[in-house]
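Please review the two-chain model shown here. The briefing is arranged by topic.

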Amino acid sequence: MAADSSIRRAARDAGPSGWLALPALVFFLVFAVVPLAGVVFLSFTSWDGLREIRLDGLSSWATVLTDPVTGNALLVTAKIMFFSFMVQAPISLLLGVFTAGGQKYRAALAVLYFLPLLLSSAAVAIAFKALLDPNFGLGPGLQVPFLIQDWLGNSDLVLFVVVFVIAWQFVPFHTLIYQGGVRQIPTSLYEAAEIDGAGRVRQFLNITLPQLKYTIITSSTLMVVGSLAYFDLIFVLTGGGPGYSTRLLPLHMYLTGFKANDMGAASALGVILIVIGLGLALLLQRLGGKNRNASQLEGA
Amino acid sequence: MASTTQLPVPPEAPVRTAAAPRPDVRRGSRFRPNLLGGLGGWLWLGVIILPIYYVVVTSLKNQAGFFATNPMLPPAEPTLDNYKLVLENDFVRYFANSVIVTLGTVIPALFVSFMAAYAIVRGKGRFVNWTNNLFLLGLAIPLHATIIPIYWMITRAHLYDTLLALILPSIAFAIPVSVLILSNFMRDVPNELFESMRLDGCSDWAMLWRLALPMTKPAVITVGIYNALHVWNGFLFPLILTQSPDTRVLPLSLWTFQGEFSVNIPAVLASVVLATLPLLVLYVVARRQLISGLTAGFSK
């Protein structure tokens, strides 16, 4: 290898040789980079998951791109991404500021707020399935007629139920990020504002928000890119239904590959998922300007 | 920050807020109780606690009680029969599988990531830079979109339906974020320490374990917890790479319990409680480490 001599020279100069990075690199190449190339390759084949893989040109792509379910899955993904961001972002921001306050009761509440973080997505989905039952769930329990609905069976409601359950599971995590961000704001800024007579709202708008700029970018990026990974929660909660109303892209990929046994089409959907994820990450990074995470990503 | 120096002074600036800064005061708004914030805080507590309360209370009911009593009321005669039923249904085996997969992933992942982080921080040359950039790229790509080629590789390697099938790709997926966080922390270790050890004739291997590891121990623990939580709660790999009860892990077992017990909702919810219990114990005894582990990717 040509790189060998330069590695060895570097080792003599100061730092260690590159071989220390080799085990991690091998793992990553075999189980992440090769599959990444594999998903592109498989999208040009037809395979049922059992028999031989046959090269099949663009037929999987033709299937995927002409199937109205794909368009619907993209639309559902976009809707869930948008609504879950609109719900989660303000709540997490306000809760983060709230829990960063010094009062004892706020610290106690924060301990309870973070409980959903301990549950797996499967556990959350199963709990809410029981909870939303129109006969034995929360609605009849609290005797609130509005809450007694077939939440998961009504295709007009189910998307918002999914958004709510996503918020229930993930707001705590983003609250934690915001709490950390708020705690890093220098107290002197608030003291100065206090002396200047700035009220609470003004302090929030003029100190807290601008100081949280990078936290907001980080949290928002995670929310948006993360919504491409809401697979297990929705899989257990609704299975993509009723009909196709909550069948978002990752779920559509799974069902196409492992239930309809069309691995070629599922791979094409995987490629679309990767392109969207990468595009969103780059876009958000550009929108947000340079922050610590983004500048590290820029090397890539 | 420009935005804070330009804080406009409202004309009706009250004098009373010009309190002398107290060392224990963290937020200016501490002086007056924030009623709106408090109200919102308690409201959110309700949103978080009600589902958890429902799950726990229901898991203590027998099936007749579940159908007969108000869902939100505690059971007239609490019973642990549901827990017994879950435990009798091989829960312990699924628990052990989860422990094996989690430890089997986290320990090797930490080991190889730590070595790679050391090589990246201390090493020079194209190979090391290239490796680092590859890992950073891995952060931006939704890796779960590659499940189909991973499924293909695992079946071809005759690893399908083994715990190793879950461990190998999980290690690879854990590497990018682990290397990023560990290398960020390792950069803070003063160079002089490495140089003086080098002068004493220490090898890289010795410096790695006798200097770098002790100096970055909190980061190693944080990254370990972060990865452990992800693997412990992981659902997608077990769903596509395992099949039999022998290799079932906890999140998947919740899903299958749901199918097996079907209408026995109290038993299903008892399995949810039991599966969450280990993390709850961890949360009680080591809340700080757990919380920092949760936000590991974003705290530094």
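Predicted model: local features only at pLDDT ≥ 70, side-chain atom pairs only at ≥ 80, totals over all residues.

Residues are numbered from 1 along each chain as its sequence is written, while chains are lettered from A and ligands numbered from 1 in the order in which they are written.

**Chains**
- Chain A has 15 helices and two strands, where helices (H or I, at least four residues) and strands (E, at least two) are DSSP runs numbered from the N terminus.
- Chain B has 14 helices and zero strands.
- Of the 300 residues of chain A, 47% are buried, a residue being buried if 20 or more other C-beta atoms lie within 10 Å of its own, exposed if 12 or fewer, and partly exposed in between, with C-beta atoms placed from the backbone.
- In chain B, 45% of the 300 residues are buried.
- Along its principal axes, the C-alpha atoms of chain A fill a box of roughly 70 × 70 × 30 Å.

**Contact between the chains**
- Chain B contributes 102 residues to the contact and chain A contributes 97 residues; two residues are in contact if their C-beta atoms, placed from the backbone, lie within 7 Å.
- On the side of chain B that touches chain A, helix 2 (residues 35–59) of chain B gives the most, with 14 residues.
- That side of chain B comprises 71 nonpolar, 24 polar and seven charged residues, with Ala, Val, Leu, Ile, Met, Phe, Trp, Tyr, Cys and Pro counted as nonpolar, Asp, Glu, Lys and Arg as charged, and the others, Gly among them, as polar.

**Helix 12 of chain B**
- Nine of the 12 residues of helix 12 of chain B are buried, including Trp255(B), Phe257(B) and Phe261(B).
- The cover over these buried residues includes helix 6 (121–131) and helix 12 (232–237) of chain A.
- Ser262(B), which follows helix 12 of chain B, has a positive phi near 35°.

**Nonpolar core**
- The largest nonpolar core has 171 residues, and Ala24(A), Ile126(A), Ala127(A), Ala116(B), Ile175(B) and Val272(B) touch the most other members; such a core is a set of buried Ala, Val, Leu, Ile, Met, Phe, Trp, Tyr and Cys residues joined through C-beta atoms within 7 Å.
- Helix 7 (residues 163–186) of chain B supplies the largest share of this core, 16 residues.
- Beyond its neighbours within four places in sequence, Ala116(B) is in contact with Leu20(A), Ala21(A), Ala24(A), Thr131(B) and Val179(B).
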